[in-house]
Amino acid sequence: MPMPAVEAKLLEALEAMEIVDAHEHLMPEAMRLERPVDVLTLFSHYTQRDLNLAGMSETDYRRLFDHDLELDERWRLFAPFWNLIRHTSFSRAVSISVKHFFGADDIHDGNYRELSEAIQDGNRPGLYDRVLRQACRIRVCLTQCGQTDLGSDLLIPVMPMMYPVGTWANLNRPEFAPEANIRTLDDYLATRRAHVRQIKREGTVGLKMIAMPFQPPDRLAAEEAFSRLKSGAVADLPVFLPPGDRVTNPLQNFLVDEMLQLAAELDLTVAVHTGYWGDFRRLHPLHMIPLLERHPDVRFDIYHLGYPWVREALMLGKGFPNVWTNFCWLHIISERCAAEALNEAIDLLPANKIIAFGGDYRIPVEKVFGHLTLARGNLARVLAGRIRAGHMDMERALYLARRWLWDNPRELYRLQ
Ligand SMILES: [Zn+2]
């Protein structure tokens with residue numbers, strides 16, 4: 001079925017538009033190039049969920065990426081599952097990328113070797129430039145890979161806001177300052193604050209947290225927990241009671257609040273994972289409301305629209321001026337849901353509060369193109385519908401798209 005003319009015209013304009021990729025986990029290119037890759041590498045991120053759901057064992061899944069085994073043997077493990085998962089949005093990003101970069105309509109017994117050679121052949125310096133800049137027209141990616149030295153002006157770091165605080169080792173020698181030998185809660189806070197200032201000087205534009213049900217901060221309770229871990233009165237303080245309960249580690253509650261204050265002070269945006277991941281009940285977007293209220297000066301970037309609680313996440317945007325709604329990852333969780341949510345977001349939110357794209361990949365950078373193609377398709381479809389309904393003309397539609405893909409992430413993260 002041919003695409004309606006207005007949608008095709010929008011798509012063409014979107015493909016020419018330079019964008020900010022608002023969320024990735026990409027590491028420096030040199031680290032990706034060190035790894036052997038093949039066609040199965042394209043199934044190493046997110047699609048493992050679908051393979052697992054379809055019945056692939058954890059052991060077989062790990063074998064897919066064990067390069068000590070022959071590619072043929074690994075392909076035979078994978079092949080029966082491809083027909084079962086190929087229509088999920090996670091997989092559609094693979095198919096689109098394979099078609100674009102390697103000209104293949106499908107991945108099958110007849111071409112997996114050839115595709116694998118082509119992917120390995122592309123695994124050389126300039127890969128990120130070819131995929132991200134040339135194919136995707138991405139100017140910069142905000143990336144979370146736990147480091148600030150990224151080796152390219154294509155990548156801008158966002159760093160973790162939360163570190164484990166469940167054991168004495170976590171406090172005494174935290175990941176962010178393993179040599180520190182911290183003895184008091186004030187030491188810990190001072191070291192952590194200095195670290196955040198340091199990573200900001202190194203180019204960090206945001207801190208990332210997850211939407212757990214934090215309780216209000218209680219300094220005394222945090223001091224007491226610190227002392228109990230230090231003295232060995234308790235060996236560890238888990239973060240949670242069983243699923244559904246609130247965060248029970250008073251250190252975590254206290255430190256989250258302190259870090260949010262620091263983010264406001266340093267003008268760092270706070271990105272928040274909401275929804276889908278593991279036992280996603282723990283990551284409900286509505287857990288954020290007390291923090292949104294307590295920290296009106298912090299800019300919160302609500303990732304993934306809280307899938308499956310998309311409408312609740314949109315309501316955070318409708319209810320709180322310090323919330324931005326970020327569609328990163330969502331187009332490949334469900335392409336359909338992302339389109340419907342985007343349409344609803346136009347009804348609900350000012351044009352400056354929507355961020356339309358973040359690829360959310362780590363190793364298989366090629367898939368950013370597939371994901372972006374789904375996202376552009378969604379934008380074109382939704383905006384074309386609005387044009388046909390007489391709500392806006394082409395110029396207004398492209399104004400919205402430019403805001404969602406370029407101006408908004410730049411403003412939110414204070415990018416130059
Ligand atoms: Zn992510």
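In this predicted model, strand 4 (residues 206-210) and strand 5 (residues 269-273) run parallel and are joined by five bridges. Across that pairing, Leu-207 sits opposite Val-270 of strand 5.

Strand 1 (residues 19-24) is mostly covered, with six of its six residues buried. Its partner is strand 2 (residues 138-143), and the two run parallel with four bridges between them. Within this pairing, Asp-21 stands opposite Cys-141 of strand 2. Strand 2 is likewise mostly covered, five of its six residues being buried. Strand 2 also pairs with strand 3 (residues 155-160), again in the parallel sense, this time over three bridges. There, Leu-142 has Ile-156 of strand 3 as its bridge partner.

Moving up a level, the protein chain splits into domain 1 (36-121) and domain 2 (127-412). Their C-alpha centres are 29 Å apart. Where the two meet, 14 residues of domain 1 are in contact with 17 residues of domain 2. On the domain 1 side, the touching residues come out as seven nonpolar, six polar and one charged.

Next comes a pair of helices, helix 3 (residues 47-54) and helix 5 (residues 71-85). A packed pair of helices is described by the angle between the axes and the distance between the axes. For helix 3 and helix 5, the axes come within 10 Å of each other and cross at roughly 100°. That crossing angle falls in the range from 65 to 115 degrees, so helix 3 and helix 5 count as roughly perpendicular to each other. Helix 3 contributes Thr-47, Asp-50, Leu-51 and Ala-54 to the contact, while helix 5 brings in Phe-81, Leu-84 and Ile-85. Sorted by class, this contact has five nonpolar residues, one polar and one charged.

A few backbone details in the loops deserve a look too. The loop between strand 6 (300-303) and helix 14 (310-319) holds Pro-308, and the peptide bond leading from Tyr-307 to Pro-308 is cis, with omega near 10°. His-304 is found in the loop between strand 6 and helix 14 as well. Its phi is near 65°, a positive value in a residue other than glycine. His-304 has 28 other C-beta atoms within 10 Å, so it is buried; the cut-off for that label is 20 or more.

Another positive phi turns up at Trp-329, with a value near 70°, again in a residue other than glycine. Trp-329 is in the loop between strand 7 (323-326) and helix 15 (330-333). With 24 C-beta neighbours inside 10 Å, Trp-329 therefore counts as buried.

Last up is Ala-338, a residue of helix 16 (residues 335-348). Ala-338 has 28 C-beta neighbours inside 10 Å and so counts as buried. Leaving aside residues up to four places away in sequence, Ala-338 touches Phe-327, Leu-330, His-331 and Asn-378. As for Ala-211, it is 127 residues away from Ala-338 along the chain, and the C-alpha atoms of the two are separated by 20 Å.

Terms used:
Residues numbered from 1 in each chain as written. Predicted model: local features only at pLDDT ≥ 70, side-chain atom pairs only at ≥ 80, totals over all residues. Axes fitted to C-alpha atoms, helices over the stretch in contact; angles between N-to-C directions. Parallel < 35°, antiparallel > 145°, perpendicular 65-115°, else oblique. Contact = placed C-beta atoms within 7 Å. Nonpolar A, V, L, I, M, F, W, Y, C, P; charged D, E, K, R; others polar. Buried ≥ 20, exposed ≤ 12 C-beta atoms within 10 Å, placed from the backbone. Pairing = 2+ DSSP bridges. Domains from an automatic or database assignment.
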